[in-house]
Amino acid sequence: MMQIIHFNDWELLDAYAAQTIINKIQEKPNAVLGLATGSTPLGIYAKIIEAYRSKEVSFAQTTTVNLDEYVGLPAEHEQSYAYYMKQQLFSHIDIADDHYHLPNGLAENLKAECDRYDQLLEQNPIDIQLLGLGHNGHIGFNEPDALLSAGTHAVQLKAATLEANARFFSSAAEVPKMALTMGVGSILKAHTIILVVRGADKAEIVEQALTGPITTDVPASLLQTHPRVIVLLDREAGRKLK
Ligand code: GLP
């Protein structure tokens, strides 16, 4: 079941998403949050930090698992997702150092790292998974393909994704070509999913993902099979929907 909510401005969308997460932590302090990177969740993390600062919520018992990480970037690299999460959220809240998790893109044995991450996900069932949407319909780094993987795996990033993410690097050549990502099976196991999409450039893929056929060519279309998805759209991203 997809509940689609349209927002006239980002501020309200961010507040709504943050409040949904805060409510969950207030009701279940040891909840497991599935977190995303990219530009989409930045305002949501800012609102969560505000709520923490005003003592509305504590993350002392909360565990988080991130969707994905580039292969080959050290955690200190400004574009690694580990760095992003520290900067945008973890260093501002009271989450314990051993309670947040990302795939390790520097692991020598990527297969073993994927297995480790799958075990971690098994032990920490996700209460709420925050998701952004790639222009080509990817979720996490599950790129459009004939076949999708259920579990954590290494992926070769598509040209469109490399291009989209090049804006964060000093040159396109610097964008890592590979990433580790949670699989669609793990994403779909989350109790509740919050899919957040902004911007006119995503209106087309929003329409395909939410109302088109369920196909591995649009990995986000698999979300149509999930019982509890909340879709938060700004006006531009939602303009092709009725
Ligand atoms: C990135 C990330 C995704 C993210 C998506 C959209 O490549 N791996 O997790 O949701 O692409 O990014 P943005 O929010 O910057 O548009």
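## Salt bridges and helix contacts

Asp115 and Lys111 are 4 residues apart in helix H4 (residues 110–123), so about one helical turn separates them. The model is predicted: local features need pLDDT of at least 70, side-chain atom pairs count only at pLDDT 80 or more, and totals for chains, interfaces and linings use all residues. Residues are numbered from 1 along each chain as its sequence is written, and side-chain values use heavy atoms, with hydrogens and water left out. Helices (H or I, at least four residues) and strands (E, at least two) are DSSP runs, numbered from the N terminus.

**Salt bridges**

- The structure holds 7 salt bridges, a salt bridge being a side-chain nitrogen of Lys or Arg within 4 Å of a carboxyl oxygen of Asp or Glu.
- One of them joins Asp115 to Lys111, with the closest N and O atoms 2.9 Å apart.
- Asp115 is partly exposed at 35% relative accessibility, while Lys111 is exposed, with a relative accessible area of 55%; buried means under 20% relative accessible area, exposed over 50%, and partly exposed in between (1.4 Å probe, protein chains only).
- Another salt bridge pairs Glu204 with Lys240, where the closest N and O atoms are 3.1 Å apart.
- Glu204 lies in helix H7 (residues 203–211) and Lys240 in the segment after strand S10 (229–234), so this pair ties together parts that are 36 residues apart in sequence.
- Glu204 has a relative accessible area of 41% and is partly exposed; Lys240, with 37%, is partly exposed.
- Lys47 and Glu11 also meet through their side chains in a salt bridge (2.7 Å, N to O).
- That pair links distant parts of the chain, since Lys47 is in helix H2 and Glu11 in helix H1, 36 residues apart.
- Lys47 is buried, with a relative accessible area of 17%, whereas Glu11 is partly exposed at 49% relative accessibility.

**Helix H1 against helix H2**

- The axes of helix H1 (residues 10–27) and helix H2 (residues 42–53) come within 8 Å and cross at roughly 55 degrees.
- That angle makes H1 oblique to H2: angles under 35 degrees count as roughly parallel, over 145 as roughly antiparallel, 65 to 115 as roughly perpendicular and the rest as oblique.
- Axes are lines fitted to C-alpha atoms, for helices over the stretch in contact, and angles run from 0 to 180 degrees between N-to-C directions.
- From H1, the residues Glu11, Asp14, Ala15, Ala17, Ala18, Ile21 and Ile22 meet Gly43, Ile44, Lys47, Ile48 and Ala51 of H2, contact meaning heavy atoms within 4.5 Å.
- By class, the residues of this contact are 8 nonpolar, 1 polar and 3 charged; Ala, Val, Leu, Ile, Met, Phe, Trp, Tyr, Cys and Pro count as nonpolar, Asp, Glu, Lys and Arg as charged, and the others, Gly among them, as polar.

**Helix H2 against helix H3**

- H2 and helix H3 (residues 81–88) have axes that come within 10 Å and cross at roughly 40 degrees.
- At that angle, H2 is oblique to H3.
- Leu42, Tyr45 and Ile49 of H2 and Tyr84, Met85 and Gln88 of H3 make the contact.
- The contact of H2 with H3 has 5 nonpolar residues, 1 polar residue and no charged residues.

- Thr37 lies in the loop between strand S2 (32–35) and H2.
- Thr37 is buried at 12% relative accessibility.
- Not counting residues up to four places away in sequence, Thr37 touches Asn66, Asp68, Tyr81, Tyr84 and Met85.
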